[in-house]
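Colleague: Before I use the labels attached to this model, I would like to hear what each one rests on.

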Amino acid sequence: MKQIVVAGIDAGSSAIKLSLYDGVHMKNVSCPAGWNPKEQAASLLAAALAKQKVITPAYLVGTGYGRFNLPFVTKAMTEITCHARGASYLLPEAKTVLDIGGQDAKAIRIDGQGKVQDFVMNDKCAAGTGRFLQVMANALGLDVAEIGNIEVGADGQQCTINSMCTVFAESEVIGLVNRGVTREAIIGALYTSIANRVAAMAAGIQPMPPVAFTGGVAQNQALRGELAARLGLLVITHDQAIFAGSIGAALYAWDALQVS
Ligand code: ADP
């Protein structure tokens, strides 16, 4: 990387994401938020800077749920603003961003520069978030990444999950397991439940295609397909989509440096 480096940190509910930017290269790294996100973020930053042989970032923007707990940032910015900008950097053709993170889901309509035109967010309830998927994966004896490797519908069985509430839905999953319903069928029903929930939320901003799917849950390709079917729109993603917030923060940090 070049001499002048800025940083964006997205302190999320489950993971800390960091992006270092020198005007050309964007380096992204992450670690679990753990029980002390402030220290986790500081260590992640120190290690990433050392690796790039940079002493200190020229400007550091913090975003995410834990942004007010990062004393070393130059400025804090909202997640919506940063996610929109970062998604547009990764997927410049995007007109809408659907971000599903650890404990919230957001739909954002954006212009060609990644500026927010409208948004809607669910941060009141775990339904339709990564937390929901994680709880259900655990009830099926899997971790959240393993769920994505299971081919839904491969066995021809189908079932439905009716509860929106995570606690009741978990009981439903346990009930289905005990009735001998297959994992494949249950996972299919979970995708339908999440996609219905998120599509209903997104309807509030009249989403336009292509829709950029970001956040940790965007790593699940089957869910991307289910969301596309529910929305009736093209849904695209990027292998760095979990970093949309930190990338947006780093780009705003770079802008701030240019004007200061
Ligand atoms: P936050 O900013 O709240 O920490 P992230 O956007 O970093 O959220 O996403 C974290 C969430 O992503 C976790 O809840 C986890 O369940 C989910 N997740 C992580 N890896 C995967 C995966 N491979 N497939 C689906 N979901 C995943």
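Predicted model: local features only at pLDDT ≥ 70, side-chain atom pairs only at ≥ 80, totals over all residues.

Modeller: Residues are numbered from 1 along each chain as its sequence is written, and side-chain values use heavy atoms, with hydrogens and water left out.

Colleague: What makes α3 and α6 roughly parallel or roughly antiparallel?

Modeller: The axes of α3 (residues 130-139) and α6 (residues 183-202) cross at roughly 165° and come within 11 Å. Angles under 35 degrees count as roughly parallel, over 145 as roughly antiparallel, 65 to 115 as roughly perpendicular and the rest as oblique. α3 is therefore roughly antiparallel to α6. Axes are lines fitted to C-alpha atoms, for helices over the stretch in contact, with angles from 0 to 180 degrees between N-to-C directions. The helices themselves are DSSP runs (H or I, at least four residues), as are strands (E, at least two), numbered from the N terminus.

Colleague: Which residues of α3 and α6 meet?

Modeller: Phe-132, Leu-133 and Met-136 of α3 meet Leu-190, Tyr-191, Ser-193 and Ile-194 of α6, where contact means heavy atoms within 4.5 Å. These divide into 6 nonpolar, 1 polar and no charged. Ala, Val, Leu, Ile, Met, Phe, Trp, Tyr, Cys and Pro count as nonpolar, Asp, Glu, Lys and Arg as charged, and the others, Gly among them, as polar.

Colleague: Why is α6 called oblique to α7?

Modeller: α6 packs on α7 (residues 221-231) at about 50°, with the axes 9 Å apart. That angle therefore makes α6 oblique to α7. Tyr-191, Ile-194 and Ala-195 are among the α6 residues in the contact, and Leu-223, Leu-227 and Arg-230 are among those from α7. By class, this contact has 10 nonpolar, 2 polar and 2 charged residues.

Colleague: How do you know where the domains lie, and how many residues of domain 1 and domain 2 are in contact?

Modeller: The bounds come from an automatic or database domain assignment, which gives domain 1 (1-91 + 240-260) and domain 2 (94-237). Their centres, taken over C-alpha atoms, are separated by 26 Å. In the contact, 16 residues of domain 1 face 25 residues of domain 2.

Colleague: What is the omega of the peptide bond between Pro-209 and Pro-210?

Modeller: Omega is about -5° there, and the bond is cis. Pro-210 sits in the loop between α6 and β9 (211-214).
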